[in-house]
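My notebook is open and I am ready to look a few things up.

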Amino acid sequence: MNGLRSKKNYNFVYISGVECGMPQDKIVVVGARENNLKNVTVEIPRDKLVVITGLSGSGKSSLAFDTIYAEGQRRYVESLSAYARQFLGQMDKPDVDHIEGLSPAVSIDQKSASKNPRSTVGTVTEIYDYLRILYARAGVPYCPNGHGPIERQSTDQIVDVAKELPEGTRLQILAPVVRGRKGEYKSVLQEINKAGYVRVRVDGQMYEVTDDIPMDRYKQHTIEVIVDRLVVKEGIERRLTDSIEAALKMGKGLVTLSYDGASREGQGQDAPATHRLEADATGEVVDVLFSESYSCPECGFSMSDLEPRMFSFNSPYGACPECTGLGTKTEFDPDLICPDPNKPLRNGAILPFVYKSGEVKEWWPEMLDAVGRAVGFDASRPVKEIPEKGMNAVWYGLSEPITVHMRYGRGERKFNTRWEGVLASLKKRYEQTDSEWVKNDLQQYMSTKPCPVCQGRRLKPEVLAVKLAGRDISTVTNLSVEDCLAFFSGLAKKLTKRQLAIAERAVKEILERLRFLENVGLGYLTLDRNARTLAGGEAQRIRLATQIGSGLMGCLYILDEPSIGLHQRDNRKLIETLLRLRDLGNTVIVVEHDEETMLSADWLIELGPGAGEHGGKVVAEGTVEEFLRSGCETAQYLNGEKEIEVPLARRQPRTPSPV
Ligand SMILES: [Zn+2]
Ligand SMILES: [Zn+2]
């Protein structure tokens with residue numbers, strides 16, 4: 001339905017003989033007989049918030065979902081091309097004479113928001129998509145080895161820094177060709193000479209390249225070629241650009257600007273320096289190292305250009321390779337394999353080595369004896385008495401071969417073998433077997449734990465080292481919607497002008513969606529919360545928030561008791577959200593018992609009077625005022641004349657808050 005954006009589209013799609021050319025201000029249902037409905041004819045005003053209420057079993061859902069929604073869906077499918085229809089299948093016409101004024105129908109039920117195990121609140125609401133764009137465009141990569149931010153500068157940006165030095169500043173442009181590496185580098189110096197450069201700086205000292213420069217092959221050295229020396233003044237831009245380009249080429253993407261310390265004023269700490277050489281910064285001469293690629297000038301760690309897909313745990317470009325982006329690892333668990341440490345190691349402590357009969361599987365006891373002999377413990381002792389070093393060998397294996405003593409009838413045979421450990425043996429068996437039965441049997445010894453490499457954060461370490469206002473993407477998705485709102489609301493102050501210009505649009509989209517979530521009472525959810533673990537009401541409200549975010553108009557939304565499980569305070573916000581959906585130009589039909597929702601509706605319909613066979617009729621309809629005067633069951637309740645019992649019993653308690 002995404003392609004249909006304007007009201008006009010829908011009318012075009014839904015033209016029938018009756019509706020043609022006539023503006024529709026209501027949906028007219030004639031002769032509805034689904035389930036227990038008794039030939040119901042009812043008018044529902046369009047572009048309004050309509051509540052259908054009544055006892056449980058009175059026929060509310062039969063009217064809202066089985067008739068109106070079902071027909072809306074059916075007509076939608078019929079309006080599609082034959083090609084599209086073949087994928088959707090035939091839909092049965094509900095038992096109704098006819099319905100006029102119907103719009104494309106969107107049902108927001110309480111079914112889980114997603115079946116994909118990788119879906120999170122962030123992905124189903126599209127917030128994560130915008131986060132990925134935001135981090136790719138405005139994020140600052142940090143060296144994962146702890147060397148601080150690695151920024152990238154274009155030649156132009158580096159030239160700008162040089163140009164802004166005070167006039168008269170003496171400036172040297174250096175190309176770092178060797179950085180902190182052992183060696184004598186005779187051939188490097190020869191090549192510099194051949195390339196026509198005269199001066200080099202070796203370990204901070206100036207030399208002519210033809211000098212006999214003392215370099216100890218066992219010590220670390222830094223060699224920089226002096227590409228140019230000049231004095232800052234008007235009209236040097238051309239020369240600056242050429243020299244910086246030449247230096248970047250020689251320095252494989254790195255260039256050092258070295259200038260008089262006195263010029264440091266006015267340059268300030270805000271200069272977009274990739275890295276400052278602290279020792280020099282305190283002395284007379286200031287060195288600033290720039291990099292035109294994302295690479296750490298300290299350790300050489302380099303990173304390709306940031307792309308949105310790198311921040312996706314569903315993409316091989318971003319997913320932690322250890323857990324393939326799931327954040328968890330299911331592995332053999334020593335506590336499940338050996339639940340009783342009072343049992344002797346060789347005789348039954350390791351459960352997968354024991355048959356159902358209680359007998360220990362052949363050759364395992366002898367293997368464990370051999371491990372004991374190799375490490376120095378007695379494998380016939382209970383597990384709790386075996387030293388840690390011994391149990392480590394049992395679980396994780398030994399690098400040296402062990403000697404196994406096998407007894408056969410009369411004699412004993414010895415042989416050497418490698419002991420890979422219980423965990424690795426089980427893993428191998430699990431991976432190599434073709435038998436589902438064996439796999440199922442072994443699964444009882446496995447447990448699911450946070451991935452040891454990414455600690456459940458699902459992304460590669462270098463991706464997690466990309467930060468925005470000091471936070472990586474995983475830290476942000478770990479925040480609740482409320483905290484996230486606070487973070488993004490205050491983000492502008494923490495970003496540079498450039499970052500801000502790039503980030504603005506994505507931040508706006510993110511903030512909007514976060515507010516929708518807060519408005520439907522979901523401020524406590526974290527963005528990384530697995531969508532499958534959401535309660536029905538939560539999933540429904542997320543879909544509601546997503547629908548508002550999509551900005552569709554001219555739709556018919558049908559919701560089933562959206563207030564369920566919602567705290568009183570949040571109920572008002574939910575109602576405001578429903579009204580907002582209406583104000584966007586949609587018809588919102590809510591099946592609901594909630595008093596506040598009913599009183600906020602534009603139109604109320606009660607089905608009844610009883611349940612099942614005794615229901616299925618419209619007993620009252622109208623605006624809130626008309627409805628309250630109708631004397632129907634719900635009106636009596638709303639007027640405080642009667643306590644209503646059945647529907648309330650179906651509700652979850654309002655207090656305390658589910659959070
Ligand atoms: Zn580094
Ligand atoms: Zn991982």
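I looked up A64 and found it buried, because 23 other C-beta atoms lie within 10 Å. (Buried takes 20 or more other C-beta atoms within 10 Å of a residue's own, exposed 12 or fewer, partly exposed in between, with C-beta atoms placed from the backbone.) A64 sits in helix α2, residues 60–79. Helices here are DSSP runs of H or I with at least four residues, strands are runs of E with at least two, and both are numbered from the N terminus.

A note on the source: this is a predicted model, where local features need pLDDT of at least 70 and side-chain atom pairs count only at pLDDT 80 or more, while totals for chains, interfaces and linings use all residues. Residues are numbered from 1 along each chain as its sequence is written, and chains are lettered from A and ligands numbered from 1 in the order in which they are written.

Next I asked which residues touch A64, leaving aside its neighbours within four places in sequence. I found I52, Y69, I558, I589 and V591 in contact with A64 (C-beta atoms, placed from the backbone, within 7 Å).

Then I turned to strand β11, residues 254–260. Six of its seven residues are buried, so β11 is largely enclosed by the rest of the structure. Which strands pair with β11? Strands pair if DSSP finds at least two bridges between them. I found four bridges to β7 (residues 170–182), running antiparallel, with I173 as the bridge partner of L257. Seven bridges join β11 to β13 (residues 285–291), also antiparallel, and there Y259 stands opposite V286.

Note on methods. Two residues are in contact if their C-beta atoms, placed from the backbone, lie within 7 Å.
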